[in-house]
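The following report describes a protein model for a reader who is new to structural analysis. Please keep the sequence and the structure in view while reading.

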Amino acid sequence: MSRIGVAFDKARADGRALLVGCMPAGFPSVEGSIAAMTAMVEAGVDVIEVEIPYSDPVMDGPVIQKASDIALAGGVRTADTLRIVEAVAATGAPVVTMTYWNPIERYGVDAFARDLAAAGGTGLITPDLIPDEAGEWLAASDAHGLDRTFLVSPSSTDARLAMTVGHCRGFVYATAVMGVTGARARTSDAAPTLVSRVRPVTDLPVGVGLGVGTGAQAGTVAGYADGVIVGSALVRCLLDAPSEADGLTALRTLSAELAEGVRTPTR
Amino acid sequence: MSADALAPVAGTQPDSAGHFGRFGGRFVPEALVAALDELDGAWRTAMADESFRAEFGALLRDYAGTPSLLYEARRFSAKVGARVLLKREDLNHTGAHKVRNVLGQALLTKRMGKTRVIAETGAGQHGVATATAAALFDLECVVYMGQVDTERQALNVARMRMLGATVVPVTTGSRTLKDAMNEAMRDWVANVDETHYLIGTAAGPHPFPAMVRDFVRGIGDEARQQCLDLTGALPDAVTACVGGGSNALGIFHAFVGDPDVRLYGFEAGGDGVATGRHAASITGGSAGVLHGTRTYVLQDADGQTLESHSISAGLDYPGVGPEHAWLHDTGRASYQPVTDDEAMAAFELLCRTEGIIPAIESAHALAGTVALAPKLAAELGREPTIVVNLSGRGDKDVHTAGDYFGILDKER
């Protein structure tokens, strides 16, 4: 079983959900993102999702777009991302990467898988790669023992749900809403239904993302999902702060609130 | 267009997942797959449906004003050294070939029971065409346009609003066409139940490249027959400009099965491909994934999309339709860059010899033809016949061209 699978099992045994926190690599700088991700781990985030910034992130809302733009303007490279993965993995928390397909294809699919595994990454979340087009990634992830997380959506047909989760390893990413990343005032009604549709076709843990931004929302999602994935709300802590130190303080506070939320599932 | 003119041309269809060789396919969020499948089904059903084809054909004839003329440009020909036949798509309603695509997709939108269309636009031509079709079909219309472009093309913004569309200036990324396309994709993911994304060129995820090509293929179907009627033979070459590439595919398609007809696509070379300031994705880019499809892309060493540059807003895009990438790989079509200066020289030549002001996009096809004519004449040992897709008219470009030529009176 993958390292992330072990972490999910342990959380399940403890009667709680796993908290996955996402941050773009190189935002606000390479060192700054390592500090931010380390702070998240220290404040109770279980798994770090390192997003490799991409110039055209069509699944991301304005907050992560802005952070990605800042990272790219700062000159972050794919190789820097792998260095960040290595540094954060050294904290002991599982580190999963997420990115759009073109940077991976450009790096070389097998080379990326090799280097991600060597850096201590557990796998890759692919928001714009569906299993239908993933032949090369299926082979590379098998060869290097990496998890594959494809997304399922409220609009996925039953046949596509079964096909997609059949190609996942580690965990499944259920997108809670029809839309892009970004915290929302209300959590989605579609998400519990989607998770309940995924359960009969896989034993893999299911993480729910898109729109979660508070401890109470994390508790709600923890009531029906194995993992709660938070991105934009965490990124905003850094974007909105007057200084990097203030940003880290806000990030720790929110991380702790979310960690409390996943420990008090609302059922 | 007659209904039977929509029969498939052998050897030009993608596989069932939309792959043209190693290009094409679908690189999209799972959330969009159901909508793409629905669209694919609706398109295939519609194309097999006599009543749809009749309705589309009637609209093209009575509303868009097609078939467009094939005009022998004698004075231009004399300067160029070839018999040049212009496919006058500039005379269509809304001023370009794009009306064919938007009418086809708007009809499909109605058939799918959707009530809202969204579109991306660079210069505003596709936005205007979409707003036009939305008005005609009583659809809600939202057009995403980079903020840089809304400022450069204020007149087209006003045209879209007059037609009842909402124009949303996009302030993310480079604030141009590619960012408008990102924003339209985000809207589509969030509103896919009632919304059709009316993509403006033969790019994007399957089925858009093949579907858009089918809607604009009348250009070539008409031109092929018109050329036979006029000259008694097929042309030696067919030329078109290539940005996303819908006008070029539209005119190439009917000739792909004619091995003696050479196909030339002219990309926007901007300041010259060597300068890095260009929009020539095939001649100056590399294979990658952008906006849902695998194709040639302008990208850096890490796969980040590079900004494109061209005097022609309609060609100013860092990708190209996947069928062009495939036609390039197979060698069936040749792709060459044309610089801003070469395009503007040909723009002026057509104005002065024929009294036709072309779109700057189409001027790239004219410039490529000027360069091609002597080579082709030498190769054939006679005057060649070249069909040029004059894909649009230049009204929208008067300010840009006036600026370029320095003929605008200074503000008082």
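## The annotated domain of chain B

UniProt, in an unreviewed entry, lists residues 66-392 of chain B as "domain: Tryptophan synthase beta chain-like PALP". UniProt positions follow the numbering used here, feature names are shortened, and annotations may be inferred rather than shown by experiment. Over residues 66-392 of chain B, the chain is 44% helix and 21% strand, and the end C-alpha atoms are 14 Å apart. Helices (H or I, at least four residues) and strands (E, at least two) are DSSP runs, numbered from the N terminus.

The model is predicted: local features need pLDDT of at least 70, side-chain atom pairs count only at pLDDT 80 or more, and totals for chains, interfaces and linings use all residues. Residues are numbered from 1 along each chain as its sequence is written, while chains are lettered from A and ligands numbered from 1 in the order in which they are written.

## Overall form of the two chains

Chain B contains 16 helices and 14 strands. Its radius of gyration is 20 Å, close to the 22 Å that the globule rule gives for 412 residues, so chain B is as compact as a globular protein of that length. The radius of gyration is taken over C-alpha atoms, and the globule rule is 2.2 Å times the number of residues to the power 0.38. The C-alpha trace of chain B spans about 55 × 55 × 45 Å along its principal axes. Of the 412 residues in chain B, 63% are buried. A residue is buried if 20 or more other C-beta atoms lie within 10 Å of its own, exposed if 12 or fewer, and partly exposed in between, with C-beta atoms placed from the backbone.

Chain A has twelve helices and nine strands. A compact globule of 267 residues would have a radius of gyration near 18 Å, and the 17 Å of chain A agrees with this. The C-alpha trace of chain A spans about 45 × 40 × 30 Å along its principal axes, and 60% of the 267 residues in chain A are buried. Among contacts in chain A with a separation of 6 or more, 75% are between residues 24 or more positions apart. Two residues are in contact if their C-beta atoms, placed from the backbone, lie within 7 Å.

## Two domains in chain B

Chain B is divided into domain 1 (26-64 + 98-212) and domain 2 (70-95 + 217-405); these bounds come from an automatic or database domain assignment. The centres of domain 1 and domain 2 of chain B, taken over C-alpha atoms, are separated by 23 Å. The contact takes 31 residues from domain 1 of chain B and 28 residues from domain 2 of chain B. On the side of domain 1 of chain B that touches domain 2 of chain B, at least two residues each come from α2 (50-64), α4 (98-111), α5 (125-137), α8 (177-191) and α9 (208-216) of chain B.

By class, this side of domain 1 of chain B has 16 nonpolar, ten polar and five charged residues. Ala, Val, Leu, Ile, Met, Phe, Trp, Tyr, Cys and Pro count as nonpolar, Asp, Glu, Lys and Arg as charged, and the others, Gly among them, as polar.

## The annotated lysine

In an unreviewed UniProt entry, the annotation "modified residue: N6-(pyridoxal phosphate)lysine" covers Lys98(B). Lys98(B) lies in helix α4 of chain B. Lys98(B) counts as buried because it has 32 C-beta neighbours inside 10 Å. Not counting residues up to four places away in sequence, Lys98(B) touches Gln125(B), His126(B), Ala129(B) and Gly200(B).

## Where the chains meet

In the interface, 34 residues of chain A are in contact with 27 residues of chain B. On the side of chain A that touches chain B, α5(A) provides the largest share, five residues. By class, the side of chain A that touches chain B has 14 nonpolar, eleven polar and nine charged residues.

## Strands and their pairing

In chain A, nine strands form an open sheet in the order β5-β4-β3-β2-β1-β9-β8-β7-β6, and the pairing is parallel. β5 (147-149) and β6 of chain A stand at the edges, each with a single partner strand, so one side of each is left without a neighbour in the sheet. Two strands pair if DSSP finds at least two bridges between them.

In chain B, six bridges join strand β9 (residues 237-242) to β10(B), and these strands run parallel. Within this pair, Phe266(B) in β10(B) is the bridge partner of Cys241(B). Strand β10 (residues 262-270) of chain B is mostly covered, as nine of its nine residues are buried.
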